[in-house]
Amino acid sequence: MAKKAPKKTVKEPQICIVTVTGKDKVGIIARLSVAMAKNNINIVDVNQKIMENYFVMTMACDMAEATVAINEISEKLSRIGKEMDLQITFQHENIFKAMHRV
Amino acid sequence: MRISVEEVFETVQMTMDQHFDVRTVTLGINLKDCMDRNLNQFCKRIEHRIVTMGQKLNAAADAMEQKYGVPVINRRISVTPVSLLLEPLPRTVATAVKVAKTLDRAATRANIDFIGGFGGYVQKGLTASDENLMNALPQALSQTQRVCSFFNLGSTLAGLNMTAVERFGHILKDLAVKSKTGIGCAKVAVFANVPGDNPFMAGAHHGIGEPDHSLNIGISGPGVVKVVVEKNPDCDLTELSEIIKRTVFKITRAGELIGREVADMMSVEFGIVDISLAATPAAGDSVAEIIEAMGVDRMGVPGTTAALALLIDAVKKGGAMASGRVGGLSGTFIPVSEDAGMIRAVKEGALNLEKLEALTSVCSVGMDMFAIPGSTPPDVISAIIADELAIGIANNKTTSVRVIPVPGKRAGQSVHFGGLLGTAPIMAVTKNASLGFINRKGRMPAPLKALRN
C-alpha cells in the first residue's frame, strides 16, 4: 500500500468500495490494483469470502488524490468485469454506512 | 468499524438482484411568483424556470447514481397547483390547455418524464378558475404526454365536495374517449386529504405550505422486502414484522442519503422521503407477492387485509426510525396495472373492486390504476370515487382514485398501457349504482372528528 501523502496536501479521505462477485480466478486483485495505481487511487483494505455460492471480494480505496472522477473509474472497472466475466460495482462508502450503521 | 464483506454484499445484492432503486426524485417548484395577467408572459416564465431546474435535477440525479451505484429511475417535477396560478388569467379552456402544453414542452426540454400539479384543492368549493381547469382536463390531458393532474375533492376538515365528485364522473369518461385506450385517465388522480409533498405521480404537486423548492424522494423496495420474507418462511408474525422493519430501515436510509445529496447539489431544501413500497411491472418487484410470501394464498383472499396492515405498519416503523423526514403518502401502493401480482390476482378472480376498496381502509392510499368497462355510466364512476374518498375522510387518512374506463372494452378483457403503467385487466362493475344520491350534489359535511379543538 502506498505511503501517506505529505501533510500539506492531505485531503479528506474519499473512501469508495469496489465489490467483485462471480467466480474466483487468478489475477483479479492484480488487474484491479493496476487500474487503481494508474489513476492514483490508494487501496486501503481488501477482504474476500464465499457467500451463497458467490465469490465476493470487497476492496476499500481512497479517491481523495485520484486523477479521475468516480464515473470514469467506474466505467474502467465495468470493462475489466466484462473481460474477466465478473460483476464489479463501485460505490461511495457512505451508502453502506447509511444502511448498516445506526 | 469498517463495513464488512457481508454488509457490502447485502447492499450490492439489493440493487443487482432485488430491484432496489430510488423510484423517483421529485423537485417541487413554487410558481406563484410567475403569476401574471398576461398569459404569454406567464407561460414564458414558467417554462424557463422548469427547464432550468429540471436540467439541474437530472444532472444531480445522474451524479448520485454514479456515486452510490443505486439507480435513480425517475426524475420528476411538481409545481404549485395550477388552478391557483390560473386565477388572474381569462377563464377559458384554451387558456388552461395552453398552460398544460407549456408544462409539457418544458418537461420535454428538461428531459423530465412527468410533471405534476395540473389541478387544485376543491374540497370545500370551486372557484371559477378551479371549474375552468376541471372543464379543460379532457382536452389538456389528451393533448399532452407528460402533464399529470390531481384534484383534492375532500378532507376530514372540510367534508366531501360532491358537486365536484359528480362532475368527475363525466370528466373521466370524456377524457378516456379522447385519449388512446383511455390512457389520459392514468394521468389524473382524485384525492381526499392529499399531501402537498408527495413525490409520486399522478398526485404529486408542490403544496401551498411548501418553500420555493423542495426535493422529495420515493424509494422502491418491494423486491428487497419480498426476498427477506421468503428467507424467513417459519418465523411468527411478530418476528416477521421485526425483519421487515430492519430491511426497510436500510433502504430508507439509502434513499434519504441520496435525497439529501441531490438537494445539496442543487442548493434547494430537502423535503421528505416517501416510504411507500412502490411496485413496478417487473417480475419480483411486487407488493402482492410480498403478501403471498407472508402466507396468503393469493392477493385478495381473506387474510389479505390483515397481512397488508402488518406489512405497512412494519414499513412505517422501520422508515420512521431511519429518517426524521418521512412524509408524502407513505402508505401501501397497490396499483392494479403496475404490479404483476395484482394483475394475476384479478385475472384469477381472487381480487375484486370491493376488496381493493377494503384494503384502503387500513393502509393502502387508494384504488389505483384499475380499469373498468368503457360503458360504465358516469354516475357509477362518481359513486366509486365518493365511497373511496369517504373512507379517507372518516379515517383521517389519504385515499385516492385513479380509474380508467377503457373505451370499447368489457370486463375480463385487458388493456396494455406500456412502460411503468403496465397492463390492466378490466374489472367488473355494476351498471346501476346510486344515480339519485350522486345527482343530489352539494357538500357532505365534515365528520365529527373534524371538531378537534
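Predicted model: local features only at pLDDT ≥ 70, side-chain atom pairs only at ≥ 80, totals over all residues.
In chain B, B:D21 has B:S220 of β8(B) as its bridge partner. The predictor assigns the complex an ipTM of 0.87 and a pTM of 0.93. For chain B the average pLDDT is 95, and 100% of the residues score at least 70.

The bridge between B:D21 and B:S220 belongs to the pairing of β1(B) with strand β8 (residues 213-220) of chain B, an antiparallel arrangement with eight bridges. β1(B) also pairs with β2(B), here in the parallel sense and over seven bridges.

How many of the nine residues of strand β1 (residues 21-29) of chain B are buried? The count is nine of the nine, so this strand is largely enclosed by the rest of the structure. A residue counts as buried when 20 or more other C-beta atoms lie within 10 Å of its own. In a regular strand the side chains alternate between the two faces of the sheet.

B:P71 sits between α2 and β2 (72-79) of chain B. Apart from neighbours within four places in sequence, the contacts of B:P71 are B:D21 and B:E65. Is B:P71 buried or partly exposed? Its 15 C-beta neighbours inside 10 Å make it partly exposed. From B:P71 to B:P211 the separation is 140 residues in sequence and 27 Å in space, C-alpha to C-alpha.

A helical part of chain B gives a contrasting case. B:G318 belongs to helix α10 (residues 304-322) of chain B. B:G318 counts as buried because it has 25 C-beta neighbours inside 10 Å. Once neighbours within four places in sequence are set aside, B:G318 is in contact with B:I244, B:K245, B:R246, B:T247, B:V248, B:F249 and B:T252. Helix α8 of chain B covers residues 237-266. B:G318 is 120 residues from B:I438 in sequence, and their C-alpha atoms are 41 Å apart in space.

Helix α8 has 30 residues and runs 43 Å from its first C-alpha to its last, close to the 44 Å expected at 1.5 Å a residue. After α8(B) comes B:S267, which has a positive phi, near 55 degrees.

Chain B as a whole contains 14 helices and 14 strands. Its radius of gyration is 21 Å, close to the 22 Å that the globule rule gives for 453 residues, so chain B is as compact as a globular protein of that length. The C-alpha trace of chain B spans about 65 × 50 × 50 Å along its principal axes. Of the 453 residues in chain B, 58% are buried. Among contacts in chain B with a separation of 6 or more, 80% are between residues 24 or more positions apart.

Chain A has three helices and four strands, in the order β-α-β-β-α-β-α along the sequence. For its 102 residues a compact globule would have a radius of gyration near 13 Å, and the 14 Å of chain A agrees with this. The C-alpha atoms of chain A occupy a box of roughly 45 × 35 × 25 Å along the principal axes. Buried residues account for 34% of the 102 residues of chain A. Of the contacts in chain A between residues at least 6 apart in sequence, 69% join residues at least 24 apart.

Two strands of chain A form a hairpin. Strand β2 (residues 42-51) and strand β3 (residues 54-62) of chain A run antiparallel and are joined by nine bridges. A:M51 has A:Y54 in β3(A) as its bridge partner. Two residues lie between the strands of this hairpin, and A:E52 there takes a positive phi near 45 degrees.

The last topic is where the two chains meet. The contact draws 19 residues from chain B and 27 residues from chain A. On the side of chain B that touches chain A, the elements giving two or more residues are α1 (5-17), α2 (39-68) and α8 of chain B. α1(B) gives the most to that side, with eight residues. By class, the side of chain B that touches chain A has 10 nonpolar, three polar and six charged residues.

Notes: Residues numbered from 1 in each chain as written. Chains lettered and ligands numbered in written order. Rg over C-alpha atoms; globule rule 2.2 N^0.38 Å. Buried ≥ 20, exposed ≤ 12 C-beta atoms within 10 Å, placed from the backbone. Contact = placed C-beta atoms within 7 Å. pLDDT = per-residue confidence, 0-100. Pairing = 2+ DSSP bridges. Expected span 1.5 Å × (residues − 1). Nonpolar A, V, L, I, M, F, W, Y, C, P; charged D, E, K, R; others polar.
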